[in-house]
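I opened this model to look up a few local features. My entries follow in the order I made them.

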Amino acid sequence: MPFPTTRLRRLRRTSSIRQMLRETRLAPADMIQPLFVRHGGGPSDEIASMPGQHHHGIDGLVETAVAAYAAGVPAVLLFGLPARKDEAGSEAYDPEGIVQLAVRAIKAEQPELTVITDVCLCQYTSHGHCGVLRDGVVENDISLELLADTAVSHANAGADMVAPSDMMDGRVGAIRASLDNEGRTDTAIMAYSAKFASAFYGPFRDAAHSAPSEGDRRAYQMDPANGNEAIREALLDIDEGADVVMVKPAMPYLDVLRRLRSETLVPLAAYQVSGEYAMLEAAAARGLVDRRAAALEALTGIRRAGADLVITYYAAEAAAWLS
Ligand code: PBG
């Protein structure tokens, strides 16, 4: 029955009614805080391209992770800045590498905090690509072994979950097999399944010093125009053993999240990436949007599209806003 019998405004009248009928909820437990860790001590340094985010030494990292956990954020996602880069990205799978040291330090202080590690070579290779480079081409199959070694070393350090972000074919299967071989059957895999070759990673590449020195990532990350292919990527990752699949970035790809929600039953994560964060921060700094309202609206939209988990630089702050 249309107007005047039906009036949708009836259920928007009071804050209490709106709260009762809210379809999507955003809670601290839905959010994952990405954190950057570097060698050396001293105070954390703010990342110029990502206001409010920092490069932490291990002590600062542990303190920040513990504070996020206290605010209600159940998990952190770690990115490391190595002491040295080389052709083979060897610090990525060094048992004494920065991420491995960081995982041990967090687990010693706050064992209940879920620690997820980004598994990729780009921060560790001298050329900045996500795999091994041969004659200017990122070699898929050779890279798998190094990625699997990286995942195993993170698991051995105590990571609860590993998150491969390299976009090599077959990496989820290779990582699952290596983890199982090492007795790490309980280590979960959160696959960056639909990771697009996006302009929105710009600030992160500054933050992680991981821009490719030559070329770009379009021969392994996905074409932003492709939705069907994103579903294929996710289905293959699920077949290979992914426990959680991720769409990245979030805001320009909400349709992909929605499709994955209806076409699969796995838990879904979405990554609100550095460029999404930096855009909101820049607009808020100029007084063009209300910072807190805009951030919460963006995060709610990502949940509404179908994400169970949202990886966001706002996690700890948003958790405080929500409590
Ligand atoms: C590494 C990686 C990237 C991001 C997460 N893991 C950068 C890239 O692929 O260039 C981006 C995160 C962000 O922008 O917040 N492969």
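Is Cys120 buried or exposed? I found Cys120 buried, with a relative accessible area of 1%. Buried means under 20% relative accessible area, exposed over 50%, and partly exposed in between, with a 1.4 Å probe and protein chains only.

Before going on, I noted that this is a predicted model, in which local features need pLDDT of at least 70 and side-chain atom pairs count only at pLDDT 80 or more, while totals for chains, interfaces and linings use all residues. Residues are numbered from 1 along each chain as its sequence is written, and side-chain values use heavy atoms, with hydrogens and water left out.

Cysteines. I looked for disulfides, taken as pairs of cysteine sulfur atoms within 2.5 Å, and found zero. Cys120 is in no disulfide; its nearest cysteine sulfur belongs to Cys130, 3.6 Å away. Cys122 is in no disulfide either, and the nearest cysteine sulfur to it is that of Cys120, at 3.9 Å. Cys122 is buried, with a relative accessible area of 6%.

Strand β8. I took helices (H or I, at least four residues) and strands (E, at least two) as DSSP runs, numbered from the N terminus. Which residues cover the two faces of β8 as buried positions? In β8, residues 161-164, Met161 and Ala163 are buried on one side, and Val162 and Pro164 are buried on the other. I counted strands as paired if DSSP finds at least two bridges between them. Four bridges join β8 to β5 (residues 114-119), and the two run parallel. Asp118 has Ala163 of β8 as its bridge partner. Two bridges join β8 to β9 (residues 188-195), again parallel. There, Val162 is partnered with Ile189.

Crossover. β8, helix α5 (residues 171-181) and β9 make a right-handed β-α-β unit. Right-handed means that, with the strands pointing away from the viewer, the path from the first strand over the helix to the second runs clockwise.

Backbone. I found a cis peptide bond between Phe3 and Pro4, with omega about 10°; Pro4 is in the segment before α1. Another cis bond runs from Lys248 to Pro249, with omega near -10°, and Pro249 is in the loop between β10 (244-248) and α8 (254-263).

I also checked phi. Asp135, not a glycine, has a positive phi near 50°. Asp135 lies in the loop between β6 (132-134) and β7 (137-139) and is exposed, with a relative accessible area of 81%. His209 has a positive phi near 50°. His209 lies in the loop between α6 (202-207) and α7 (228-240) and is partly exposed, at 47%.
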